[in-house]
Amino acid sequence: MSAPVGRRRWRLPLRFAVLLYLALLILLPVGMVFFRAFQHGLGAAWDAISAPDSLHALWLTLLVALIAVPLNTIFGVGVSLILARHRFPGAWLLDALVDIPLAISPVVIGLALILVYGKTGWFGNWLAQHGITVIFSVPGIVMAAAAVSLPYVVREVLPVLQEIGTEQEQAARTLGAGSITVFRRITLPNIRRGLAYGVTLTTARVMGEFGAVAIVSGAIAGKTETMPLFISDSIDNLDPQSAYIGAVALCLAALIVLTVLTVSDRKRDEWHGKAQA
Amino acid sequence: MTTGVADPGQVSGGARPGDPRPGRARRGLIPHVTPSPALARAGKLTARIGGPALLVTYLSLLVILPVAALVTNAFSGGWSTFWAAVSSPESVSALQLTLALSAIVAVVNSIAGLAIAWVLVRDDFRGKALISAVIDLPFALPTVVAGLTLLALYGPSSPFHVNLAGTRLGVAAALLFVTLPFCVRSVQPVLAELDAEIEEAAASLGATHRQVLLRVVLPSLLPSALAGAGLAFARAVGEFGSIVLISGNLPFKTQVASSWIYDLFQNDELPQASAVSIVLVLIALIVLVAIGWARRRFDITEQV
C-alpha cells in the first residue's frame, strides 16, 4: 500500500503496543493455564481429568450440547425463515424477543428460569405433581444453556436469507419441487456457511455457559456439574490441578471452534464477495 | 402461477382464524414465495401452522415466560419493596461499580480496538493471521476459563508477583478480556473499506498526519467504534463467569451487580434478586436499543 512515508514512523511502535496488549491480556494468561495444567507432569494431569467427577462434568457438558445445539439450530433456522420470508404485524417483536438473551446477564436468565420452573415457580406445583424435575437437574441445565445461546443461529442465518432473496426458491417451486425439496436443495446450500458459523457459536456458548447454569443446576458435584462449574468448584476446593486440566479440555474445544469460525468466516467473505461481484 | 399466488391467502385466511400471523403475513403484501398448489393440501397446512406455533412455544418457554416471571416477581411485594431492594447499600454499591467498570472498560477497549484494527488492516507482518484468530479467542473461550487464565497469571501465585485477585483491577482485566472482540470487530471492517486515496488526497492537499488522522480517519470510524463500545458495555454490565474467580466477590469492593444477584439468589431472597436484575436488564436494553437506532440512523453495517 502506498501510505505516506511519515506514517511508517508509527507503524512499529503501534504494532509493538498491540502485540503487548494482546500478549498480556490473552496469550500469556491462556499459555499459563496450559503450563499450570502440566506443571506436575502428565501423570498428575491424567489423574485429575480421569477422576469420576471430572469425567462426569465432561460427559454432562457434551450431553447438554448434544441436546441444546440441535434444538437451537432448528429454532434458529425456523425463525429466520419466518422473519425473512413473511411479513406480519409483530415481526419486529419476534425479532427483538430473539435478541433478548444478548441483553440479559446470564445470571438473570438463570434466575428467571427458576422463577418459572423452580419449586416455588409458576409451573413448580404442576411439575412436582407430574414428577418432573427441571431445576437442579439436566433439563434445567439444557434450558439455561439453550436460552443464553438462542440468538446466535438467527443472527447468522437471517442476514443470508434476506440477501439471497427468493428467486431460486420460486424457480424450483414452479418446476414442481415441494417445500422440503426446496429447503433441502436450494435454501440449505445457500445458508450453509452462515449456519455453520451460527451453530459453532451456539456450541461454544452452550458448552461454556457458567452463570445461568450455575443458578439452575445447583452445582452438585458428580451430578449436575458441567465442566465450567467443575472448574470453578475445583478452585474453591483448592484443587487447582483439576481446574487447570479441565480448562485445558475446554480450551481445546475452543480451539476447534476458533478454527471453524476462522475458516467459515473466510469462506463467508469469499461468498459475500462473489455475491457482490 | 396466478392460482399459486392467490392460493395461500384464501387457504390460510379461512383455515385458522385463531392464528392470524401467517395468514395476515401473506395478504396484500409482497408475494415472497409462490407455493405450489400441492402446498395447500391439508396435511401441509397443519405443518405450516404447527411449525410457527412450535417455534413460538419454544421461545415462550425459554425467554418470554421467564422474563415475565422476573418482572412479576420483582414487583410481587409492591413498588416499595422493589425500591428497597434496589436502593439497599449493597445494591447501590454493586450497580455503581458495575456501571463505572463497564464504562472504563468500554473506553479502554475502544482505544485498544482502534489500534488493533489499524494494525490488522494497515500493517503487515508474519503471524498477522494468528493475531486475528487470537482476537476471537474470548468469543470461543468459556467465561470461567477466561477468568481462570487471568487468575493463573495475575493471581496469588503469579509468576510476575502481580496479584489482582480480589481487586477492582482484576475485575476490570476480566471485563477487558471478554469484551475485546466487540471493539475490534466493529471497527475493523469499516477501516478496511476506508479508501486510502482519500487520506492521500488530504495529505497531498497539505494536511499533516495529525490532521488526516483527526479530520479524515477518526470521524469515519467513530460511529462503528461507538457501536463497539456500546456492545462491550452491555456485555460487561451483565458479565459473571469471567469475574467470579478473580473478584473474590467482596461486598462494597469487588462485588459487581451479577455477583450480588447471585448472592441474593443463594440467600433465597428472590424478589430482591429480581428487582436488581430488572435494573441491570434495563441498563443493557437501553444501550442495545440505542445502538440499534444509531445503526439504522448512520447506516452502520452489522458485523458483530
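Tutor: A residue counts as buried under 20% relative accessible area, as exposed over 50% and as partly exposed in between (1.4 Å probe, protein chains only). The model is predicted, so local features need pLDDT of at least 70 and side-chain atom pairs pLDDT 80 or more, whereas totals for chains, interfaces and linings use all residues. Residues are numbered from 1 along each chain as its sequence is written, chains are lettered from A and ligands numbered from 1 in the order in which they are written, and side-chain values use heavy atoms, without hydrogens or water.

Student: What does the secondary structure of chain A come to, and what share of its residues count as buried?

Tutor: Helices (H or I, at least four residues) and strands (E, at least two) are DSSP runs numbered from the N terminus. In chain A there are 13 helices and zero strands, and 52% of its 277 residues count as buried. Its C-alpha atoms fill a box of roughly 75 × 65 × 30 Å along the principal axes. Of the contacts (heavy atoms within 4.5 Å) in chain A between residues at least 6 apart in sequence, 72% join residues at least 24 apart.

Student: How many residues of helix α7 of chain A are buried?

Tutor: In α7(A), residues 138-148, nine of the 11 residues are buried, and the helix is thus described as mostly covered. The buried residues are G140(A), I141(A), V142(A), M143(A), A144(A), A145(A), A146(A), A147(A) and V148(A). In the loop between α7 and α8 (151-164) of chain A lies S149(A), which counts as buried because its relative accessibility is 0%. Leaving out residues up to four places away in sequence, S149(A) touches N72(A), T202(A), R205(A) and V206(A).

Student: At what angle do α8 and α10 of chain B pack?

Tutor: Helix α8 (residues 168-193) and helix α10 (residues 209-238) of chain B pack at about 150°, with their axes 8 Å apart; axes are fitted to C-alpha atoms over the stretch in contact, and angles run from 0 to 180 degrees between N-to-C directions. The pair α8(B) and α10(B) is therefore roughly antiparallel (over 145 degrees; under 35 is roughly parallel, 65 to 115 roughly perpendicular, the rest oblique). The contact involves, among others, F182(B) and V190(B) of α8(B), together with residues of α10(B) including G228(B) and R235(B).

Student: Which residues of α5 and α13 of chain B meet?

Tutor: On the α5(B) side these are S91(B), L95(B), T98(B) and L99(B), and on the α13(B) side V276(B), V279(B), L280(B) and I283(B). The axes of α5(B), residues 89-122, and α13(B), residues 270-298, come within 11 Å and cross at roughly 20°, which makes α5(B) roughly parallel to α13(B).

Student: How many aromatic pairs does the whole structure hold?

Tutor: Rings of Phe, Tyr and Trp (its six-membered ring) pair if their centres lie within 6.5 Å, being stacked under 30 degrees, edge-to-face over 60 and tilted otherwise. The search finds 10 aromatic pairs over all chains. One of them, F75(B) with F82(B), is stacked, at 4.4 Å centre to centre and 20° between the planes; F75(B) is partly exposed at 33% relative accessibility, whereas F82(B) is buried at 7%. The rings of Y262(B) and F265(B) have their centres 6.4 Å apart and their planes at 45°, so this pair is tilted.

Student: How are Y262(B) and F265(B) placed in helix α12 of chain B?

Tutor: Y262(B) and F265(B) stand three residues apart in α12(B), residues 257-266, and are therefore separated by about one helical turn.
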